[in-house]
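Biologist: Before we discuss this model, could you put it on the screen, so that each term we use can be set against its definition?

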Amino acid sequence: MKSVVQAPAPLRAHRPGLVLPSPPVTVADLDKIVHDAARVEILDGLLVARPWPTPLRARVTDRLRTLLTDTATSGAQVFTSVQVELSPRCLLVPDIAVVAVGDPARRRITETPFAVVEIADASTRRYDRTLKLDLYREFRIPVCWLVDPDSATIEAFELVGADYVPAGVVRGDDRLVATRPFPVTVTPAALIDPPED
């Protein structure tokens, strides 16, 4: 009788686990543990683990980062996954942040960004539009864009007084012509279209 040797089951991609402290958590508490810093946020002492980006969200983020980097004025630089420390108990990680020129290797900033961009997917849409948008307004970040690849939309908000006001909403092939944080024109469809083979 022949013996049958089974091939080993394919291994799933290894993604590191997180061991998180109990709330309330401060930025100093978070700094004491080893984790993937770009995936953890603190909102008023509560920890939130951000989901891994979908391929579509990653593509849109990369294309928008490239466009913003190419058009940035000399006093600004564009980061993805940079930690923005708003207070000792509030640390957010926007998908894209436009900040003052500084150390290009830094992964955390404490100064107010010129602009932040959140790129939604099914697991982040409500969180980006409610809690994070409210904190960006509260901490007076001048410009916030919400990009939704599923609906091919970009909503731009600018801080006027103590509130965000809509500065433009575009869909599909329409163009968002923004003046802040610097002049740039963005078309949602160009960010979303499938990559060329």
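Modeller: This is a predicted model, and a place to begin is helix α3, which bends by about 35 degrees at K132.

Biologist: How do you know that α3 bends at K132?

Modeller: The bend is the angle between two axes, one fitted to the seven residues ending at a residue and one to the seven starting there; at K132 that angle is about 35 degrees, and this is the bend that we report for α3.

Biologist: What span is expected for α3, and what does it reach?

Modeller: The helix has 14 residues, and at 1.5 Å a residue the expected span is 20 Å, while α3 reaches 19 Å from its first C-alpha to its last, which is close to that value. Just after the helix, R140 takes a positive phi of about 60 degrees.

Biologist: Which residues of α3 are called buried?

Modeller: They are Y127, D128, K132, L133, L135 and Y136, and the word buried stands for a relative accessible area under 20%.

Biologist: What makes strand β8 largely enclosed by the rest of the structure?

Modeller: Five of the five residues of β8, residues 115-119, are buried, and so the strand is largely enclosed. Both of its faces are covered, with A115, V117 and I119 buried on one side and V116 and E118 buried on the other. In a regular strand the side chains alternate between the two faces of the sheet.

Biologist: How do you know that β8 pairs with β6 and with β9?

Modeller: Pairing needs at least two bridges; three bridges join β6 to β8, and these strands run antiparallel, whereas five bridges join β8 to β9, and those run parallel. A97 stands opposite V116 in β8, and the bridge partner of A115 in β9 is V143.

Biologist: Through which helix does the chain cross from β8 to β9?

Modeller: The chain crosses through α3, and this β-α-β crossover is right-handed.

Note on methods: Residues are numbered from 1 along each chain as its sequence is written. This is a predicted model: local features need pLDDT of at least 70, side-chain atom pairs count only at pLDDT 80 or more; totals for chains, interfaces and linings use all residues. Side-chain values use heavy atoms; hydrogens and water are left out. Buried means under 20% relative accessible area, exposed over 50%, partly exposed in between (1.4 Å probe, protein chains only). Helices (H or I, at least four residues) and strands (E, at least two) are DSSP runs, numbered from the N terminus. A crossover is right-handed if, with the strands pointing away from the viewer, the path from the first strand over the helix to the second runs clockwise. The expected span of a helix is 1.5 Å times one less than its number of residues.
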